[in-house]
Amino acid sequence: MTLEKMTTKAQEAVREAVDLASRRGNPEVHPEHLCFAVIGQEGGVGRPLIQKAGGDHAALAGALEQRIAGFPQQSGGTDTRVSSRLLTVLQGAEDEAKAMKDEFVSTEHLLLSAAKRDREVKRLLEQAGLDRDALLGALTEVRG
C-alpha cells in the first residue's frame, strides 16, 4: 500500500504514528501508535467514531499510551521502521476500503483493520467497551 491510496487524514495519521514512535525512541511503529494517532486527530473521524460506538475514548487513549510506553526504546540515529503487525493492519485497511467500495483508505478503515487483524488492539478496544461490530455500526452514523 502506498500513501497515495490514502486520504489526507489517513496519511497524516501514519506520519503522526511514525513521528510518535521516533520521538519515543521506539525502533518500530506498531498498530498502537497508529490507533493513538487516529483517535487523537483534530477534525478526524476517530474520536467521533469511538464515541458513537459507545466506547470510552479516554480509557482507550490511556490504554494505548500505556502500551506505547512499554515498547522497547533505543537511542541514537537509527531509523524507525514499520512493524510486521502494522504492515498487516495497513494491508488490511486496503481490504476494508475495497469491501466498502471506497476508492481511498481512510482513518476508519485503519481502525477497523486494527480491530480485526491485531489482537493487542482488539484487546484494548474491548477494554474500552468496543469491538469491530460496534465500530462498523457507528461508522454508518458518522458517515451519514
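This is a predicted model: local features need pLDDT of at least 70, side-chain atom pairs count only at pLDDT 80 or more; totals for chains, interfaces and linings use all residues.

Visitor: Which residues of α5 are the buried ones?

Guide: They are L86, V89, L90, G92, A93, E94, E96 and A97.

Visitor: What span should α5 have, and how far apart are its end C-alpha atoms?

Guide: With 16 residues at 1.5 Å a residue, α5 should span 22 Å, and its end C-alpha atoms sit 23 Å apart, so the two agree.

Visitor: What happens just after α5?

Guide: K101 takes a positive phi of about 60° there. K101 is in the loop between α5 and α6, and it isn't a glycine. For background, most residues other than glycine have a negative phi.

Visitor: Is K101 buried or exposed?

Guide: Exposed, because its relative accessibility is 75%.

Visitor: How accessible are the two partners? Start with E94, then K5.

Guide: E94 has 16% relative accessibility, so it counts as buried. K5 comes in at 39%, so that one is partly exposed.

Visitor: How many salt bridges does the count come to?

Guide: The count comes to 14. One of them joins E12 and K9, with the closest N and O atoms 3.7 Å apart.

Visitor: Where do E12 and K9 lie?

Guide: Both lie in helix α1, three residues apart, which is about one turn of the helix. In general, an α-helix has 3.6 residues a turn, so residues three or four places apart point the same way. E12 is partly exposed, with a relative accessible area of 35%, and K9 is partly exposed too, at 28%.

Visitor: And which residue does D118 form a salt bridge with?

Guide: That's R85, where the closest N and O atoms are 2.7 Å apart. D118 is in the loop between α6 and α7 while R85 is in helix α5, so the pair ties together parts 33 residues apart in sequence.

Visitor: Is D118 buried or exposed?

Guide: Buried, because its relative accessibility is 5%. R85 is partly exposed, with a relative accessible area of 23%.

Visitor: Which residues do salt bridges with shared partners join into one network?

Guide: E32, R67, R85, D118, E120 and R123.

Visitor: OK, new topic. What's in the largest nonpolar core?

Guide: It has 38 residues, and those with the most contacts inside it are L34, L60, L110 and L135. At least two residues of this core come from each of α1 (8-24), α2, α3 (46-52), α4 (57-69), α5 (84-99), α6 (107-117), α7 (119-127) and α8.

Visitor: What does L60 touch?

Guide: Setting aside neighbours within four places in sequence, L60 contacts I39, I50, L124, L125, A128 and L130.

Visitor: I also spotted a histidine, H33. Where does it lie?

Guide: H33 lies in helix α2. It counts as buried because its relative accessible area is 0%.

Visitor: What's in contact with H33, beyond its neighbours within four places in sequence?

Guide: A17, L20, A21, N26, E28, I68 and F71.

Visitor: Let's follow A21. Where is it found?

Guide: A21 is in helix α1, and it counts as buried because its relative accessibility is 0%. Not counting residues up to four places away in sequence, A21 touches N26, E28, V29, H33 and T80.

Visitor: How far apart are A21 and V82?

Guide: They are 61 residues apart in sequence and 9.8 Å apart in space, C-alpha to C-alpha.

Visitor: Last one: where is the confidence lowest and highest?

Guide: Lowest in helix α8 (residues 132-143), with a mean of 89, and highest in helix α2 (residues 31-39), at 98. For the protein, the mean pLDDT is 94, and 97% of its residues reach 70 or more.

Methods:
Residues are numbered from 1 along each chain as its sequence is written. Side-chain values use heavy atoms; hydrogens and water are left out. pLDDT is the predictor's confidence in each residue, from 0 to 100. Helices (H or I, at least four residues) and strands (E, at least two) are DSSP runs, numbered from the N terminus. Buried means under 20% relative accessible area, exposed over 50%, partly exposed in between (1.4 Å probe, protein chains only). Contact means heavy atoms within 4.5 Å. A nonpolar core is a set of buried Ala, Val, Leu, Ile, Met, Phe, Trp, Tyr and Cys residues joined through side-chain atoms within 4.5 Å. A salt bridge is a side-chain nitrogen of Lys or Arg within 4 Å of a carboxyl oxygen of Asp or Glu. The expected span of a helix is 1.5 Å times one less than its number of residues.
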